[in-house]
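Thanks for asking me to look this over.

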Amino acid sequence: MTSLWNIMQAELRVQYYWLKNNKVMMAMSLLWPYLMVFIMVSFGTAFGSLEEFKEKMGIASPILYLFAGSAVATASLSVIDNAAGIGTWHKWLGTLPYVMLVPRRFPVYLLISSLVTSLVQVAFNLASIAPAVIVLEGFHAGLQLLLILFFMFIGTLPLLGIALLGGIASLLASEESDVINFLNPLLLLLSGVFYPVKMLPYILRVAAYYIPTKYVVDAAKLAATYTTPPGSTVMYILYILTLLALLYNALGLTGAVYAEKELRRRGVR
Amino acid sequence: MSGEAIVAEDLWKSYYKGTFLNRRLAVQALKGLSFRVMKGEVYGLLGPNGAGKTTTVKIISTLMEPDKGAASVAGYDVVREYKEARRHIGVMLSVERGFFWKLTGRENLKYFGMLYGLSGGELEERITWALETVGLLELGGDEKYFEDMSLGMKARLGLARVLIKDPEVMILDEPTLGLDPHSARHIRRLLREEAGKGKTVLVTTHNMFEAEILCDRIGIIRGGRIIAEGTPGELKSLVSDSTPITVVLRAEDARAVEELYGRLVGDGVKGEYERVEPGKWKLTILAPRGSEDDVLADLYSTSRSMGLRVLEARVREPSLEDVFIALTGEEGS
């Protein structure tokens, strides 16, 4: 019988092979967070000087924030892309019938597979910026990254639910691409990684409270401001992320159960 | 009932197109299809394209639910107990796809092996054994990316994925389609060996030769139903009242061949024709026993009058292909 651990092992293994056998892609993925830093700096200059940027964003260490924020942004995009695209990816390859033949419910496979892929992406993104942060800001800043990594992992969970819904929509619509790609720019805007959320129009400010990445960005700001972030704020972020994770994953799994039934009615291709 | 590995009972399946508001019937793929496969048997579903073979395979593989009817594999209902059924089946759907392009044969098998519940030393052993059994180790397929493999190697890898599970029931949809004769022969031999070990094999094909030498029993499927079933010998006896005549003729114009064919068939005479090479055609005619001389005389006189040249005309023993033509071919088409 296939255990959850079997599925996790298989997905970890395929991620490893994928990176090992696609070295140029791996190199580009390592560079991606640095490209995002440039984008963020470009947006930052819209505020004027670096001091003004620090003040408006409410952070003490702009370097740490820029790199951590970049990792958060790229990881969030990766999670959405990978988890939402996992079904269409298998469809392209022709592997969808074979992963559906795993003797578990398809939603279980989808969730575990998406989770592993996403966590690998998160760790990968953070690992890519760690050397730059340590060189520019010192070893202590490197330790601060661990706190950010923790929040990024937690922040991945509610994103998974959103991505699952997107992945299911793509599969059921028989589309050849991830149909929620258009959400990515909105996700970045509402996360507050470029502009502080408080500067957004009211309707976007309200929407931002339902975006998990906003809370991970908040955590990155905390790490870039305090040596020891206030416990109550950390707990508040954890609490919100947990609630969102429960909400979005309940929706995502309900959708996946429906998707499995619908796919089997139509016939898996 | 003990001894039955696969049971399909009155399966119906329709495909629809359009959206929810404009949903309309596209094709009725299965119309009450039934068959049973005994344990250790190689059963072939033989039929033309669009007959319902792949739909049947998908239902038996738990990848599709029938609209009506029931099916079970290894005693498990494929709809209600699909998770249990999946533990007992190994499936090969397409030769060309179904693997990660940028992973080697061994890496691909590791991934799927883990997904199917294998791990550690047992997984390594089974992968090496499967690669060796399908002949991929000697071809270097274990270290080759899937994208760099020949079609024959891809098919062997697909079979290796089935074998690593060590399933009771093997379900294969046209496993030798497009393969070179050597690879096709290798796969057929392997399937026979697995059946010899007690495995049940369900295979679809439209290759008569393959069905005849591979299968213990064959179900001829047409229009979503099994229209004849039996051993190759039993099926051949269905056309014992007919004599097959193979005709090879030279003709540049397809319309002339069509016209000749149209004049020959009818009144109990059935058949089909195909172009074997540019300017060369093969006609297979099933003549009622005793009327062979009349049909041949008719053939020669008609072709002469039409300016077509008969290169060869041979009266022979019935083959499975003749059964197929008799059962699935329209008179005069």
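1. Which residue of S13(B) is the bridge partner of Ser242(B)? That partner is Pro288(B). Before going further, please keep in mind that this is a predicted model, in which local features need pLDDT of at least 70 and side-chain atom pairs count only at pLDDT 80 or more, while totals for chains, interfaces and linings use all residues. Residues are numbered from 1 along each chain as its sequence is written, chains are lettered from A and ligands numbered from 1 in the order in which they are written, and side-chain values use heavy atoms, with hydrogens and water left out.

2. Now to the strand itself. Strand S11 of chain B covers residues 242-250, and eight of its nine residues are buried (buried means under 20% relative accessible area, exposed over 50%, partly exposed in between, with a 1.4 Å probe and protein chains only). Strands here are DSSP runs of E with at least two residues, and helices are runs of H or I with at least four, numbered from the N terminus.

3. S11(B) has two partners to look at. With S13(B), residues 280-288, the pairing is antiparallel and runs over nine bridges. With S14(B), residues 309-315, S11(B) also pairs in the antiparallel sense, over six bridges, and there Val248(B) has Glu312(B) as its bridge partner. Pairing requires that DSSP finds at least two bridges between the strands.

4. For chain B as a whole, you will find 12 helices and 14 strands. Its C-alpha atoms fill a box of roughly 75 × 45 × 45 Å along the principal axes. Of its 333 residues, 54% count as buried.

5. The interface comes next. Contact (heavy atoms within 4.5 Å) links 39 residues of chain B with 40 residues of chain A. The two chains bury about 3500 Å² between them, 56% of it on carbon and sulfur atoms; this is the accessible area, with a 1.4 Å probe, that two parts lose on being put together, summed over both. On the chain B side, Leu63(B), Met114(B) and Leu115(B) lose the most area to chain A, together 18% of what that side buries.

6. What about charged pairs? The rule finds two salt bridges across this interface (a side-chain nitrogen of Lys or Arg within 4 Å of a carboxyl oxygen of Asp or Glu). One of them joins Lys20(A) to Glu107(B), with the closest N and O atoms 2.8 Å apart.

7. Why is Thr176(B) counted as buried? Because its relative accessibility is 10%. Leaving aside neighbours within four places in sequence, Thr176(B) is in contact with Ala184(B), Ile187(B), Arg188(B) and Glu210(B).

8. Finally, a residue in chain A. Lys198(A) sits in the loop between helix H8 (183-191) and helix H9 (202-208). Lys198(A) is exposed, with a relative accessible area of 63%. Neighbours within four places in sequence aside, Lys198(A) is in contact with Lys56(A) and Arg205(A). The C-alpha atoms of Lys198(A) and Leu66(A) are separated by 19 Å, and the two residues are 132 apart along the chain.
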